[in-house]
Amino acid sequence: MRSSFFLGEALGSMRRNWVMAIAAVITVFISTAILGGVLVARYNLDQGATSLKNRVLIEVFIKDEATPEQVQALELKIKGIPEVKTYTYISKEQALERFRKKFSDKIVENLTTNPLPASYEIQVRDANEVDKVARQFFDDPTVDNDPGTHNGVKYAAETVRKMLGTLNLIEKGMWVLTGIFALAAILLISTTVRLSIFARRREVEIMRLVGATNWFIRWPFVLEGFITGLVGAVVAAGFVWVSNWALSNWLRGSDINFIDLRVYPMWLRAGATWPVGLMITLAVIGALLGAAGSLFALRRYLKT
């Protein structure tokens with residue numbers, strides 16, 4: 001069969017030109033390892049962004065003189081806002097207990113009355129909607145706003161805006177970095193394969209002279225690029241995953257264990273479409289880059 005012939009030719013070529021084959025594997029390894037590092041960084045940034053966004057809370061303080069009916073109406077209002085993910089009612093007693101745990105019993109013991117108001121803690125579905133949700137309580141008569149102010153509604157508005165801006169900038173930067181290294185990988189692989197083809201240019205010319213079609217000549221080289229790309233990418237995936245796992249474990253056992261570095265899944269990420277696990281993603285990218293590099297390098301020698 002032709003497929004076995006092409007595969008045999010590709011493997012035979014790799015054995016004869018093992019120095020070039022190793023150079024191609026190393027090139028793919030470096031390129032895909034860098035891409036793998038970018039994937040791990042983006043994965044942890046996404047996890048960190050989700051964690052930060054989940055901590056964005058709006059505190060709505062209730063007037064002490066508010067009636068149970070007014071409080072119930074406020075809760076129904078909160079419940080009816082589509083952007084609200086969850087909400088929690090904090091009574092005056094619970095607020096005082098939190099204050100006691102955060103500061104000291106001595107301060108609480110000196111209080112003759114409980115000065116802390118009841119409140120609702122609101123978590124939004126999307127941190128970008130925090131301003132929109134908070135504004136709906138600025139003029140609510142049940143909310144403990146001083147006249148002419150909105151101080152009965154507390155949330156870190158400026159902090160949220162800066163956080164979202166920084167995360168968006170970092171995410172765009174990571175996409176640009178991924179694109180740059182993908183382009184660099186194609187160019188490096190193409191250059192390495194071109195050197196291999198240059199060393200065998202007479203073999204290509206002879207095959208053309210005896211009537212071989214361009215695709216008949218191409219397939220062994222394409223398979224060679226595919227195999228070298230696949231091997232280099234598989235090794236890179238293992239290297240990146242082990243490095244990610246080792247660094248994550250080291251950080252957890254060190255003095256800087258406040259950094260929660262997560263390990264990128266080797267095979268499949270839950271709920272992910274693309275990219276998936278490191279092995280599958282890098283193997284596909286490496287194999288395709290290797291084949292594409294071979295095709296690109298062959299154009300010069302197979303012009304009609």
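Student: Which helix does Trp18 lie in?
Tutor: In this predicted model, Trp18 lies in helix H2, which covers residues 18-54.

Student: Is Trp18 buried or exposed?
Tutor: Trp18 is exposed, since its relative accessible area is 53% and the cut-off for exposed is over 50%.

Student: Which residues make the nonpolar surface patch?
Tutor: Trp18, Val19, Ile22, Ile26, Ile30 and Ile34 make the patch, and its area is about 560 Å².

Student: What about Arg42, where is that found?
Tutor: Arg42 is found in helix H2 as well as Trp18.

Student: Buried or exposed? And why, for Arg42?
Tutor: Arg42 counts as buried because its relative accessibility is 11%, and buried means under 20%.

Student: Which residues is Arg42 in contact with, leaving aside its neighbours within four places in sequence?
Tutor: Arg42 is in contact with Glu171, Met174, Trp175 and Thr178.

Student: Changing topic to the sheet: what is the order of the strands?
Tutor: The sheet is open and has four strands, in the order S2-S3-S1-S4, with antiparallel pairing.

Student: Which strands stand at the edges?
Tutor: Strand S2 (84-90) and strand S4 (153-154) do. Each has a single partner strand, so one side of each is left without a neighbour in the sheet.

Student: Which helix packs on the sheet?
Tutor: Helix H4, residues 92-102, packs there and touches S2 and strand S3 (119-124). The direction of H4 makes about 85° with that of S2.

Student: How many bridges are there between S2 and S3?
Tutor: S2 and S3 pair over six bridges, in the antiparallel sense. Across this pairing, Thr86 stands opposite Gln123 in S3.

Student: And how many join S1 to S3?
Tutor: Five bridges join S1 to S3, and these strands run antiparallel.

Student: How many bridges do S1 and S4 pair over?
Tutor: Strand S1, residues 57-61, pairs with S4 over two bridges, again in the antiparallel sense. The bridge partner of Glu59 in S4 is Lys154.

Student: Back to S3: how many of its residues are buried?
Tutor: Six of the six residues of S3 are buried, and the strand is mostly covered.

Student: Which of them point one way, and which the other?
Tutor: Ser119, Glu121 and Gln123 point one way from S3, while Tyr120, Ile122 and Val124 point the other way. Residues on both sides are buried.

How values were computed
Residues numbered from 1 in each chain as written. Predicted model: local features only at pLDDT ≥ 70, side-chain atom pairs only at ≥ 80, totals over all residues. Heavy atoms only, no water. Pairing = 2+ DSSP bridges. Contact = heavy atoms within 4.5 Å. Axes fitted to C-alpha atoms, helices over the stretch in contact; angles between N-to-C directions. Patch = residues over 30% accessible without salt bridge, like charges linked within 9 Å, V, L, I, M, F, W, Y side chains within 5 Å. Areas by Shrake-Rupley, 256 points an atom, 1.4 Å probe, with all protein chains shown as cover. Salt bridge = Lys/Arg side-chain N within 4 Å of Asp/Glu carboxyl O. Buried < 20%, exposed > 50% of the residue type's maximum accessible area, 1.4 Å probe, protein only.
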